[in-house]
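Please read this briefing alongside the sequence and the model. It takes up the strand arrangement and then the charged side-chain pairs.

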Amino acid sequence: MYQVREYFDNIIKMTNDDWIIFSSKLKKIELKKRTALVKVGAIETHLNFIEKGSIRFFMPKEENDITFGFCFKGQFVSAYDSFLTQKPSTYQIETLTDTLLWQLSYEDLQDIYKRTSVGHIIGRVAAENLYLIKAKREQSLLNDTAEERYLKLFTEQPHLIKEIPLKYLASYIGITPQALSRIRKRIS
């Protein structure tokens, strides 16, 4: 729970009273590798902070899933559109590694908004971080070649290359595993 407090203290100093309210709502959850956090058709009921592990967002398909996002230690993860609307998710979220999360339910977040002076800032920061991850990927898909997207991943997020299976990386940058293999061979 220390990492959660540290994360928010870097953004806004929470009073001890606000922290007591906020931390009393957090639930620690440990998940094994390849555990579904949210399945297609389920309603997202939690906002999660990752203390340890890596997570993938994807659209399940008959032949090849389409991976469109990853989250790691020190980030929030949620099917945020489903969380906000309380409507079923159109995609799935699963752990790629053994993962430790701190969960906050939708109802508890609403209570934090009402009872603390920093609740709205916490919600806004989580939303902004999830949005920035999404916007950066969309812009990269529109502006960069597959090789440029791979090189950016390699330089900006080297942990992706180490932690994520190549078939998921290929899907994430919008190419086949074979095309990724050719890119890797060409630049090595």
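A residue is called buried under 20% relative accessible area, exposed over 50%, and partly exposed in between, with a 1.4 Å probe and protein chains only. By that definition Arg5, at 18% relative accessibility, counts as buried. The model is a predicted one, in which local features need pLDDT of at least 70 and side-chain atom pairs count only at pLDDT 80 or more, while totals for chains, interfaces and linings use all residues. Residues are numbered from 1 along each chain as its sequence is written, and side-chain values use heavy atoms, with hydrogens and water left out.

**Sheet and packing helix**

- Helices (DSSP runs of H or I, at least four residues) and strands (DSSP runs of E, at least two residues) are numbered from the N terminus, and two strands pair if DSSP finds at least two bridges between them.
- Four strands form an open sheet in the order S2-S7-S4-S5, with antiparallel pairing; its edges are strand S2 (36-38) and strand S5 (66-72), each of which pairs on one side only.
- Neighbouring strands of this sheet are turned by 30° against each other on average, direction ignored, where axes are lines fitted to C-alpha atoms (for helices over the stretch in contact) and angles run from 0 to 180 degrees between N-to-C directions.
- Strand S4 (residues 54-59) and strand S7 (residues 92-95) run antiparallel and are joined by 4 bridges, and Phe58 stands opposite Gln92 in S7.
- Helix H8 (residues 166-173) packs on the sheet and touches S4, S5 and S7, its direction making about 110° with that of S5; contact here means heavy atoms within 4.5 Å.

**Salt bridges within helices**

- With a salt bridge taken as a side-chain nitrogen of Lys or Arg within 4 Å of a carboxyl oxygen of Asp or Glu, the count comes to 12 salt bridges.
- Arg5 and Asp9 form one of these, at 3.2 Å from N to O; being 4 residues apart in helix H1 (residues 2-9), they are separated by about one helical turn.
- Asp111 and Arg115 meet in a salt bridge at 3.1 Å, N to O, and both lie in helix H4 (residues 106-115), 4 residues apart, about one turn of the helix.
- Arg115 is partly exposed, with a relative accessible area of 47%.

- Glu147 and Arg186 meet through their side chains in a salt bridge of 2.8 Å, N to O, and the pair links distant parts of the chain, with Glu147 in helix H6 (residues 146-156) and Arg186 in helix H9 (residues 177-187), 39 residues apart.
- Glu147 is partly exposed at 24% relative accessible area, whereas Arg186 is exposed at 54%.
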